[in-house]
Amino acid sequence: MYTGLQHAHSGLAYLALAALVLVIIYALIGSLSGKAFTEKDRKIAMIAFILSHTQLLIGLILYFVSPLGFSLLTGGGAMSDSAARLTALEHPLINIVAIVLISIGYIRAKKLQESRAKFRSIYMLYAVGLVLILSRIPWAAWLG
Ligand code: HEM
């Protein structure tokens with residue numbers, strides 16, 4: 001189970017990050033061009049929203065089955081080792097904050113009236129979320 005979840009979390013990371021980048025660019029173009037925000041635009045923004053939520057779900061389960069997650073945090077010593085602190089504390093915590101911001105961006109866009117404000121809500125909050133996610137990825141373990 002651990003290996004399967006690890007592979008799923010690692011593979012889905014590519015899709016979630018690519019979707020966030022593409023949706024941010026798409027919403028930015030939508031805002032700058034002054035076009036009307038349609039149902040199609042909402043569905044495109046929803047792709048990145050769903051992928052990041054799926055990643056959150058897998059990440060939460062992984063956190064409790066991985067030797068690099070909760071067990072490392074409670075096992076002692078994680079705070080003094082930067083690699084351990086990253087997977088046991090910083091990566092999960094910062095990513096949860098990032099996904100909350102992405103969710104606010106998406107939900108706000110649905111409630112706002114003006115098209116440009118809807119696009120702005122998506123690209124701004126998705127971009128802040130993306131920067132937070134990128135700042136706490138265990139790059140060496142992932143691509144190293
Ligand atoms: C969009 C959000 C997220 C992205 C893009 C992401 C991405 C990644 C990546 C690329 C890795 C390294 C995988 C590897 O070494 O092959 C990783 C590891 C990990 N992530 Fe996430 N993650 C996200 C959210 C979360 C959340 C919310 C949690 C927990 C609550 C979490 C828990 C973990 C754990 C415990 C590991 C270490 C797994 C291991 O190798 O044993 N992740 N994540």
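Start by selecting residues 12–32: this stretch is 100% helix and 0% strand, with its end C-alpha atoms 30 Å apart. Helices here are DSSP runs of H or I with at least four residues, strands are E runs of at least two, and both are numbered from the N terminus.

A quick word on what you have loaded. It's a predicted model, where local features need pLDDT of at least 70, side-chain atom pairs count only at pLDDT 80 or more, and totals for chains, interfaces and linings use all residues. Residues are numbered from 1 along each chain as its sequence is written.

Next, select residues 92–109. Again you get 100% helix and 0% strand, this time with the end C-alpha atoms 26 Å apart. Both stretches come from the UniProt record, an unreviewed entry, whose "transmembrane region" annotation covers 12–32, 44–65, 92–109 and 121–142. Those positions are in the numbering used here, the feature names are shortened, and such annotations may be inferred rather than shown by experiment.

Now zoom out to the whole protein chain. Of the 144 residues, 32% are buried, meaning 20 or more other C-beta atoms (placed from the backbone) lie within 10 Å of the residue's own.

For the largest nonpolar core, pick Val23, Ile24, Ala45, Ile102, Ile122 and Tyr126, which touch the most other members among its 24 residues. A nonpolar core is a set of buried Ala, Val, Leu, Ile, Met, Phe, Trp, Tyr and Cys residues joined through C-beta atoms within 7 Å. Helix 1 (2–33), helix 2 (39–65), helix 4 (82–111) and helix 5 (115–135) each supply at least two residues of this core, and helix 5 gives the most, with eight.

Stay there and centre on isoleucine 102. Leaving aside neighbours within four places in sequence, its contacts are Phe49, Ser52, Leu125, Tyr126 and Gly129; a contact means C-beta atoms, placed from the backbone, within 7 Å.

Last stop: the ligand. Show the 26 residues around it, of which Ser10, Gly59, Ser66, Gly69 and Pro92 come nearest; the cut-off is a C-beta atom, placed from the backbone, within 6 Å. Helix 1, helix 2, helix 4 and helix 6 (139–143) each supply at least two residues of this shell, and helix 2 gives the most, with seven. Colour the shell by type and you'll find 15 nonpolar, eleven polar and no charged residues. Here Ala, Val, Leu, Ile, Met, Phe, Trp, Tyr, Cys and Pro count as nonpolar, Asp, Glu, Lys and Arg as charged, and the others, Gly among them, as polar.

Technical notes. A residue is buried if 20 or more other C-beta atoms lie within 10 Å of its own, exposed if 12 or fewer, and partly exposed in between; C-beta atoms are placed from the backbone. Two residues are in contact if their C-beta atoms, placed from the backbone, lie within 7 Å.
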